[in-house]
Amino acid sequence: MADDVYGNSDFHQQTGQRKHQDRERYQAPARDDDNEVDYENIEDSIEMEEKKTNQTEAFKEEVKSQTATNHNVCGTKSIVFLYVLLIASSVTWAALLSLLFVKCTSEIQTLKTLLTEKDSEIAAVLQDLRTTQKILQDNDSQLSVLVTSFGNDMSHLISKVCIETCPCEWLSFNEACYYFSKKRANWHKAKESCNSKNASLAVISSNQELDYLKSRIGSTHHWLGLSDSETEGSWKWLDGRPVEKRQVLANDAFWNSGEPNNAANNEDCGLLTSSKLNDIPCNSEEHWICEMKL
Ligand SMILES: [Ca+2]
Ligand SMILES: [Ca+2]
């Protein structure tokens, strides 16, 4: 027979066999009075034995029940412990996640605040730059006005200075002003042009003046205030003095070789060349020199 959880299977078998033997022996016909007394004693012993057996069985049942109870208590405690552990772990993770969330939220808020401050600083810098740009534009406009005004003032000042010395575009030499035309015209129009400037076609009074004018004209030819229109062969300056009476301008040093030749009987106006003078027709288109005494 297999043992129970307490290992008492033999005990149950032996107890049952002994009870059966006792009942067979005691249920046998009584042989006499002495046997009756023994029989009672034996019955008491059997009852006592049965009580003990019952107490043992009850104890076993109690132990079994207590053991089961203990097993249930231990299982319940384990489950409770696991629940508690699970809850504690969950609470710990929740706390850690909450701390992490709070920390991240705080850092994000700090970054937002920093970005807001930087945006404000950039906006302030841009505003300053716009203000500076506006000021520079205003200053540029004012400067342009000042430059224009300065240019006008300079032009006025230069004109005044030129009037006190020589007119602008005129050259000064030995207390006289000379104008070298950029256009060409015949001798009479050239003379009128000089007269319109309160001057006259140039009249040469010295070799120095002649050298100066020749140095200014280069290779181009220019009309002078010299003509023999009134009397052929009698050359006079526009101031009325004849050429031959100028001591410094003798004919040999004044005219080009072979001049004046009155070619084609039509050369009555004097022209200054790069070397010396020549007589050519007065209707020729040439540059001219005006002279103004200071
Ligand atoms: Ca002539
Ligand atoms: Ca000639």
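Trainee: Which residues make the nonpolar surface patch of about 530 Å²?

Mentor: This is a predicted model, in which local features need pLDDT of at least 70 and side-chain atom pairs count only at pLDDT 80 or more, while totals for chains, interfaces and linings use all residues. Residues are numbered from 1 along each chain as its sequence is written, chains are lettered from A and ligands numbered from 1 in the order in which they are written, and side-chain values use heavy atoms, leaving out hydrogens and water. The members of the patch, which has an area of about 530 Å² (Shrake-Rupley method, 1.4 Å probe; over 30% relative accessible area, no salt bridge, nonpolar side chains joined within 5 Å and like charges within 9 Å; a salt bridge is a Lys or Arg side-chain nitrogen within 4 Å of an Asp or Glu carboxyl oxygen), are I79, Y83, L86, I87 and V91.

Trainee: What is the relative accessible area of I79?

Mentor: I79 is found in helix α2, residues 33-164 (helices are DSSP runs of at least four residues, strands of at least two). I79 counts as partly exposed (buried is under 20%, exposed over 50%, with a 1.4 Å probe), because its relative accessible area is 47%.

Trainee: Which element gives the most residues to the largest nonpolar core?

Mentor: This core has 21 residues, among which L213 and I289 touch the most other members (buried nonpolar residues joined through side-chain atoms within 4.5 Å). At least two residues each come from β2 (176-180), α4 (207-217) and β4. With 4 residues, the element that gives the most is α4.

Trainee: How many residues does the second, separate core hold?

Mentor: Its members include W170, A185, W187 and C194. The size of this second core is 18 residues.

Trainee: How many residues apart are D228 and D268?

Mentor: The calcium ion (ligand 1) is coordinated at 2.2 to 2.9 Å by D228, E232, N262, E267 and D268 (donors are N, O and S atoms within 2.8 Å of the metal, or 3.2 Å for Na, K and Ca). D228 lies in the loop between β4 (222-227) and β5 (236-237), and D268 in the loop between α5 and β6. Both D228 and D268 are buried. This pair links distant parts of the chain, and its separation is 40 residues.

Trainee: Which spacing do the donors of the calcium ion (ligand 2) follow?

Mentor: The ion is coordinated by E259, N261, E267, N278 and D279 at 2.0 to 2.6 Å. Both E259 and D279 are buried. Along the chain, the donors follow E-x1-N-x5-E-x10-N-D.
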